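Here is a briefing on one protein chain.

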Amino acid sequence: MRASTLTFIRQRFTEYYGRVQITPPSSSGQREFGFIFFDGNYPEDIRMRRHIGFGSPEEMQAYIKNLVPAHAYYSTAYYQTPLAATMGDKKWLGADLIFDLDADHILRGSYQLMLERIKEEAVKLITVLDEELGIDMRTVRLVFSGGRGYHIHVQEIALRSFDAQERRELIDYICGIGVSPARMLSDFEPGRSGWHQRYRSCLTTYLEDLLSLPASEAKASLCSLRGIGDTRGTRFLQNAPALVRQLNSDPRQVNVRDPTTIEILSILATEKDSPLQAKIREAGIQADEPVTTDIRRLIRLPGSLHAKSGFKVTPLAVKELPDFDPLIDAVPFGDRGVGVESPRDYMVQLLGNEWEIHPGVQQVPEAVALFLCCRGMAEISGGGSPAS
């Protein structure tokens with residue numbers, strides 16, 4: 001990155017932090033903060049300064065305004081002594097329950113496409129938290145990450161003391177990991193929602209797809225999975241039409257005590273190459289599991305800027321999500337003309353418009369220039385040497 005480009009980014013961040021008031025997280029005196037700055041060989045060599053704490057919102061605001069971080073984080077955990085240099089000395093008091101949704105884990109494509117897809121996951125997750133897990137939605141905080149996804153913070157006091165294993169059980173349910181076919185079928189009740197209904201739908205669709213294949217292809221597909229041999233595969237396929245009828249009428253009729261049926265259903269639900277396992281993961285929420293189980297996680301500070309996009313880490317009410325457009329609502333900069341130099345063609349959607357970027361020097365709105373520079377897609381025009 002050229003020195004002029006790094007200077008431009010830092011100047012825009014300085015201007016932003018000089019005009020906004022960032023709301024600190026709840027119980028901010030019990031939180032650890034961490035920052036990455038535009039120093040050293042940024043962005044090639046990134047180093048985080050952590051074990052930082054603030055005695056008041058004004059102190060936090062002054063720190064950020066004066067030092068202008070590229071990235072700002074705070075702990076999802078509450079500590080007795082958050083400034084302690086070691087995690088053991090901080091004395092953990094509890095942690096918010098966090099869900100991280102990142103489009104990178106789901107698909108590749110245009111930035112707009114990825115943001116639209118991950119928004120669907122956010123809607124699904126909020127629905128599960130509300131309707132299946134009974135989370136008090138008044139304690140849920142939704143935040144656009146400033147990158148390719150959303151963070152969902154659950155600050156329900158009853159959940160703060162959950163350890164990593166208890167959080168693992170929650171994220172497994174949400175993601176559909178470890179679904180038990182026997183339990184899903186034997187406990188089924190008409191009208192019951194949640195994983196019982198989702199599993200029945202996934203299994204029915206899978207079996208119908210399998211039975212639509214020529215017999216030899218269906219058998220080859222089934223027996224390609226580890227643990228399914230020729231004899232058991234043949235027997236399962238013979239029973240599959242009846243299994244579909246039972247799933248459509250009453251899943252409790254499925255004989256889960258039949259070794260062939262239950263063993264193959266278990267393999268189909270867990271084998272990584274299984275088409276059914278893929279359907280189950282798609283029916284679940286594609287969240288980043290380690291983030292939820294990490295009880296000492298640092299997460300982006302709402303209201304701060306993301307230096308890989310120039311976007312604002314944007315808090316929003318759950319009811320605002322359907323109309324929220326990150327490419328407009330998380331862009332804190334305007335349309336002042338800025339000269340940039342691009343090495344190739346790009347199409348950028350921002351501020352409600354499409355911007356065609358061509359190789360060479362051109363004028364673009366400030367917000368577009370910042371986005372291109374932060375993502376390494378262009379440099380501020382005028383040459384210069386790499387930043388040092």
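How many salt bridges does the rule find across the interface of domain 1 and domain 2? It finds two, a salt bridge being a side-chain nitrogen of Lys or Arg within 4 Å of a carboxyl oxygen of Asp or Glu. The model is predicted: local features need pLDDT of at least 70, side-chain atom pairs count only at pLDDT 80 or more, and totals for chains, interfaces and linings use all residues. Residues are numbered from 1 along each chain as its sequence is written, and side-chain values use heavy atoms, with hydrogens and water left out.

**Domains**

- The chain splits into domain 1 (3-175 + 288-326), domain 2 (181-283) and domain 3 (333-380); these bounds come from an automatic or database domain assignment.
- Between domain 1 and domain 2, the C-alpha centres are 39 Å apart.

**Interface of domain 1 and domain 2**

- Six residues of domain 1 contact seven residues of domain 2, where contact means heavy atoms within 4.5 Å.
- The two domains bury about 510 Å² between them, with 33% of it on carbon and sulfur atoms. Buried area is the accessible area (1.4 Å probe) that two parts lose on being put together, summed over both.
- Glu-132, Tyr-173 and Cys-175 supply 65% of the area that domain 1 buries against domain 2, more than any other three residues.
- Four residue pairs, both at pLDDT 80 or more, are in polar contact across this interface. A polar contact is a pair of N or O atoms within 3.5 Å; within protein, one must be able to donate a hydrogen and the other to accept it, and residues adjacent in sequence count only if both atoms are side-chain atoms.
- Helix α5 (residues 164-175) gives the largest share of the side of domain 1 that touches domain 2, namely three residues. Helices (H or I, at least four residues) and strands (E, at least two) are DSSP runs, numbered from the N terminus.
- The side chains of Glu-132 and Arg-198 form a salt bridge (2.8 Å, N to O).
- Glu-132 counts as partly exposed because its relative accessibility is 25%. The cut-offs are under 20% relative accessible area for buried, over 50% for exposed, and partly exposed in between (1.4 Å probe, protein chains only).

**Salt bridges in the whole structure**

- A search of the whole structure finds 29 salt bridges.
- One of them joins the side chains of Asp-96 and Arg-31 (3.1 Å, N to O).
- Asp-96 lies in the loop between β5 (92-95) and β6 (97-102) and Arg-31 in the loop between α1 (3-19) and β1 (33-37), so this pair ties together parts that are 65 residues apart in sequence.
- Both Asp-96 and Arg-31 are buried.
- Asp-104 pairs with Arg-108 in a salt bridge, with the closest N and O atoms 3.4 Å apart.
- Asp-104 is partly exposed at 28% relative accessibility, while Arg-108 is exposed at 67%.
- A network of salt bridges links Arg-12, Glu-15, Arg-19, Arg-336 and Glu-366.

- Leu-350 sits in strand β14 (residues 346-350). Leu-350 counts as buried because its relative accessibility is 1%.
- Not counting residues up to four places away in sequence, Leu-350 touches Phe-311, Leu-327, Val-331, Trp-355, Ala-367, Val-368 and Phe-371.
- His-196 belongs to helix α7 (residues 195-211) and is buried at 8% relative accessibility.
- Beyond its neighbours within four places in sequence, His-196 contacts Arg-183, Met-184, Asp-187 and Phe-188.
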